[in-house]
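Subject: Structure handover and notes

Hello,

I am passing on the structure we spoke about.

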Amino acid sequence: MDASNAPAQVRLSGAVMSHPRRAEEARRIAEADPLGRILVITDPEPDGRPTALRVAPLSWSCVAPDATHHLVLQDDVVFAEGFFEHAERAAAAAPGEAISLYAGWDSRNGAVARLAALVGAPWAYTLQEHVPCQALILPAEAARGYEAFQQEHGGGWPYDVVVQRYLNAIGMPVRFCTPSTVQHDDLPSLAGNTYHGFRQATLFTGEAGPVDAEGSCPRFPVVPFYQYGEARCAVLRGTEWEYLETERQLARTGLLDACLAALDAAGPDAAAGLLDGSGRAVWLTAFALGVITADRPEPDPRIAAAVLESLGTGGLCQEYTVAELLAVVPAVRDFALTALAAGRRAGADPAVRTPRPAPLARVAVTGGDPDFARQLARLLADGGHDIGQDIGQDIGQDAGDLDGVRHVVHLGRPEDEELLADVLAAAAKAGVERVVYAGSSAVYRGSRERTVTEELPAADPADPVALAWWREEQAVLAWGADHGVPVQVLRLADPVGRYAPEHSPLVRWVNLAWTRRPLALNPLGRHQVLDHRDLADALRAVLAAPPARPVFNVASAAFDEQELAGFLADVSRRTPWEWVQDPTVDRWTMATGLIGAELHWQPSAELRESMRALAQWWACDIHGDYTVPAVPAVPAVPTGPDARA
């Protein structure tokens, strides 16, 4: 394609979203288009609380009558040379898709851009996350449809989340180019996002090169990312994205030992100059990138250096100042390049993989929310238990078939009266050796005690919710006595993390924070929470010991309402709260010393991380996904047990 001529079939119109305080910046952005196609759309309520949601419908609905595509820009971007010609060619290369021209270094999709750059892919499909909206192109009809969707479904959610949900709803894939062709200008956020820190593109070269219309656009099935100081991976399981610690992902492939050995071999001086505590997470992320790209040609050294320069700044931009971040860029780059090379060597050498140890007793996880049960089963498998399936598969347990299962972990669900009976009948038929019933701290509802122990309740509770949980406990204990099968009950605090129940205060408060509504807090309220990783550890401790105690309380931590709300606001969106007075509120806290004394279990999960996972899941992952065209993806390292053979 002749780089001097835009494709005739693409007719572009556009807008820049702005606020009167940014009028000059918006004007300069609009005037940068030599053909004058970019309109400046100003906030219609400039005295209101700044939000992109007021400007977005106007910006997407002003599509020119003859346009095939519409470009919406934010007023804090800087263009690469040749941006508008590149945008037209990008639209021509993927005419039926959404095209973002930016991927930020602090996002999951910034990690996708890093991976794409390392393998030389000019395009990549996004993960399920908020859509990068700094410079976004939609086909004209999709652009015209956005306004009606936001009016019905916006609900105060962040603009880039609403865009993601809209594109999922119409089944439109989102791709972005590598490098980014706009850069995020260092201007204060008018929409209240300054607390996200210093934000830039993962890779920005300042010049928009030619568009490779035939270039591959993978949707990477494994994406290591460094975000909020944590090393994590996104792993595609069929149509589901699993998010887990990079250490767990490397352990599944048998490469964690090789990773940590290479870190030790690099020596303590290799991490000199990094910010305190960041070395291990940076190493894990870069090593995993090397593993995943081991079967690809050696990356361009300049590109590898550039994308790894942005690894540390993106992973820590919310915790440190610009000056602190920029000061450590060279040290992070060199350290990460060493880890990347080590990961490439390990990924290419089957001999370094650690063989999988013989599995522990086979466990089935039944009941509860299917997604939560699947998450818990994978954690048990990562801890060494046989769950009868490859953790890379779509895990599920048919309650009617427990053949070969030694231990059943049943997640209580009192609203489904027949489920427990079906599971227990299958357990009796299969001859299981133990049942662990995962109930709820709600069994204590209505208690007037300040601290409740496993000896309570002594009789049927008066509270109807507590009574439902109590009756399920009694049913499974009676079944165990009748069949001579040990049964243990775990009373669980409110789950925190992905797949937390919608009725929990954690989810309600996250929903209010994301949609800019105040929280109503009771100064007398107390909440206990339980990280799903702590739950898996507690189950492992229970199953490893003789079944002596019938009931254990399990919780990760306890908070008053203001403390918990502040925690959640820090990881989602800061929002005001107001006090409500309700002297009848439950004020009890479960005593959790028994499981520690008997089984030496202690909570160890980082709750800020699990609360952030809850907030991100609720914003980005509960409204489906899009389907990408059937194009070859970059091969991923195997993730199932066979990978360790």
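The notes below go through a sheet, several helices and strands, and a few single residues.

This is a predicted model, in which local features need pLDDT of at least 70 and side-chain atom pairs count only at pLDDT 80 or more, while totals for chains, interfaces and linings use all residues. Residues are numbered from 1 along each chain as its sequence is written, and side-chain values use heavy atoms, with hydrogens and water left out.

The sheet E10-E11-E12

Helices (H or I, at least four residues) and strands (E, at least two) are DSSP runs, numbered from the N terminus. Strands count as paired if DSSP finds at least two bridges between them. Three strands in the order E10-E11-E12 form an open sheet with antiparallel pairing. Its edge strands are E10 (222-227) and E12 (240-245), each of which pairs on one side only. On average, neighbouring strands of this sheet are turned by 25° against each other, direction ignored. Between E11 (residues 230-237) and E12 there are 6 bridges, in the antiparallel sense. Leu236 stands opposite Trp241 in E12. Helix H9 packs on the sheet and touches E10 and E11, and its direction makes about 160° with that of E10. Such angles run from 0 to 180 degrees between N-to-C directions, with axes as lines fitted to C-alpha atoms, for helices over the stretch in contact. Contact here means heavy atoms within 4.5 Å.

Gly279 in H9

Helix H9 spans residues 279-292 and includes Gly279. Gly279 has a relative accessible area of 14%, so this residue is buried (buried is under 20% relative accessible area, exposed over 50%, partly exposed in between, with a 1.4 Å probe and protein chains only). Leaving aside neighbours within four places in sequence, Gly279 is in contact with Leu274 and Phe335. From Gly279 to Val40 there are 239 residues in sequence and 44 Å in space, C-alpha to C-alpha.

Strand E21 and its partners

Strand E21 (residues 526-531) is mostly covered, with 5 of its 6 residues buried. E21 pairs with strand E19 (residues 494-496) in the parallel sense over 3 bridges, and Asp494 has Val529 as its bridge partner in E21. With strand E23 (residues 557-560), E21 runs antiparallel, joined by 4 bridges. There, the bridge partner of Gln528 is Ala558 in E23.

Two buried polar residues

Arg533 lies in helix H17 (residues 532-544). Its relative accessible area is 13%, so Arg533 is buried. The side chains of Arg533 and Glu609 make a polar contact at 3.3 Å (a pair of N or O atoms within 3.5 Å; within protein, one must be able to donate a hydrogen and the other to accept it, and residues adjacent in sequence count only if both atoms are side-chain atoms). Not counting residues up to four places away in sequence, Arg533 touches Glu245, Leu379, Ala605, Glu606, Glu609 and Ser610.

Gln164 is found in helix H6 (residues 159-169). Gln164 counts as buried because its relative accessibility is 3%. A polar atom of the Gln164 side chain lies 2.6 Å from the backbone oxygen of Cys620. Beyond residues up to four places away in sequence, Gln164 touches residues including Gln128, His130 and Ala619.

Helix H3

Helix H3 (residues 83-93) is mostly covered, with 9 of its 11 residues buried. Among them are Phe83, Phe84, His86 and Arg89.

Regards
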